[in-house]
Amino acid sequence: MAVATATTEPLHQPLRKRPLPAGRPREWYVSHNRRLKAMRLAIALLDTGVYHPSSADNDRIHAMAERLAIHPPSDTTCRMVRALIRYGR
């Protein structure tokens with residue numbers, strides 16, 4: 001019988017970041033970055049056991065943003081985080 005060993009090494013290589021496409025309206029970049037931030041926050045909250053949108057109030061989302069060392073999210077981004085938790089299952 002094989003014995004599994006724990007490792008702290010990543011199981012895969014992270015994706016390389018590519019530059020955003022040029023020439024789009026400013027609103028596109030704002031909404032794109034807002035979606036990325038909401039996804040990072042939703043994933044972090046799910047990893048810590050927050051599985052229901054009602055558990056993800058603005059204070060908890062702001063605390064997670066501080067823990068991840070990212071700029072505090074707006075109310076719109078907090079709503080997006082809750083929507084991702086709600087419908088992303």
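**Figure 1. Arginine 82 is buried yet has no salt bridge.** The nearest side chain of opposite charge, that of aspartate 57, is 6.6 Å away. Here, buried means a relative accessible area under 20%, exposed means over 50%, and partly exposed lies in between (1.4 Å probe, protein chains only). A salt bridge requires a side-chain nitrogen of Lys or Arg within 4 Å of a carboxyl oxygen of Asp or Glu. For charge, Lys and Arg count as positive and Asp and Glu as negative, while His and the chain ends are not counted. The model is predicted: local features need pLDDT of at least 70, side-chain atom pairs count only at pLDDT 80 or more, and totals for chains, interfaces and linings use all residues. Residues are numbered from 1 along each chain as its sequence is written, and side-chain values use heavy atoms, with hydrogens and water left out. Arginine 82 belongs to helix α3, which covers residues 75-87. Its side chain makes a polar contact of 2.9 Å with the side chain of asparagine 58. A polar contact is a pair of N or O atoms within 3.5 Å; within protein, one must be able to donate a hydrogen and the other to accept it, and residues adjacent in sequence count only if both atoms are side-chain atoms. When neighbours within four places in sequence are left aside, arginine 82 is in contact (heavy atoms within 4.5 Å) with Pro53, Ala56, Asp57, Asn58 and Ile61.

**Figure 2. Threonine 77 is a buried residue of helix α3.** The relative accessible area of threonine 77 is 3%. A polar contact of 3.1 Å links its side chain to that of arginine 34. Apart from neighbours within four places in sequence, threonine 77 is in contact with Arg34, Lys37 and Ala38.

**Figure 3. The whole structure contains 1 aromatic pair.** The partners are tryptophan 28 and tyrosine 29, whose ring centres lie 5.2 Å apart with planes at 90°, so the pair is edge-to-face. Rings of Phe, Tyr and Trp (its six-membered ring) pair if their centres lie within 6.5 Å; planes under 30 degrees apart count as stacked, over 60 as edge-to-face and the rest as tilted. Tryptophan 28 is partly exposed, at 26% relative accessible area. Tyrosine 29 is also partly exposed, at 21%.

**Figure 4. Methionine 39 of helix α1 is shown with valine 81.** Helix α1 comprises residues 26-47. Methionine 39 and valine 81 are 42 residues apart in sequence, and their C-alpha atoms are 6.8 Å apart in space. Methionine 39 is partly exposed, with a relative accessible area of 40%. A second pair in this view is glycine 88 and methionine 39, which are 49 residues apart along the chain and have C-alpha atoms separated by 10.0 Å. Glycine 88 lies in the segment after α3 and is exposed, at 59% relative accessibility.

**Figure 5. Arginine 60 in helix α2 is partly exposed.** Its relative accessible area is 41%. Arginine 60 and leucine 45 are 15 residues apart in sequence, with a C-alpha to C-alpha distance of 8.7 Å. Beyond neighbours within four places in sequence, arginine 60 is in contact with Leu45, Val50 and Ser55.

**Figure 6. Alanine 69 has a positive phi of about 60° although it is not a glycine.** Most residues other than glycine have a negative phi. Alanine 69 is placed in the loop between α2 (58-67) and α3. With a relative accessible area of 68%, alanine 69 is exposed.

**Figure 7. The protein chain has 3 helices and 0 strands.** From the N terminus on, its elements run α-α-α. Helices (H or I, at least four residues) and strands (E, at least two) are DSSP runs, numbered from the N terminus. Of the 89 residues of the protein chain, 22% count as buried. Among contacts with a separation of 6 or more, 56% are between residues 24 or more positions apart. The protein chain exposes about 7,400 Å², of which carbon and sulfur atoms supply 56%. Accessible areas come from the Shrake-Rupley method with a 1.4 Å probe; for residues, only the protein chains shown count as cover.
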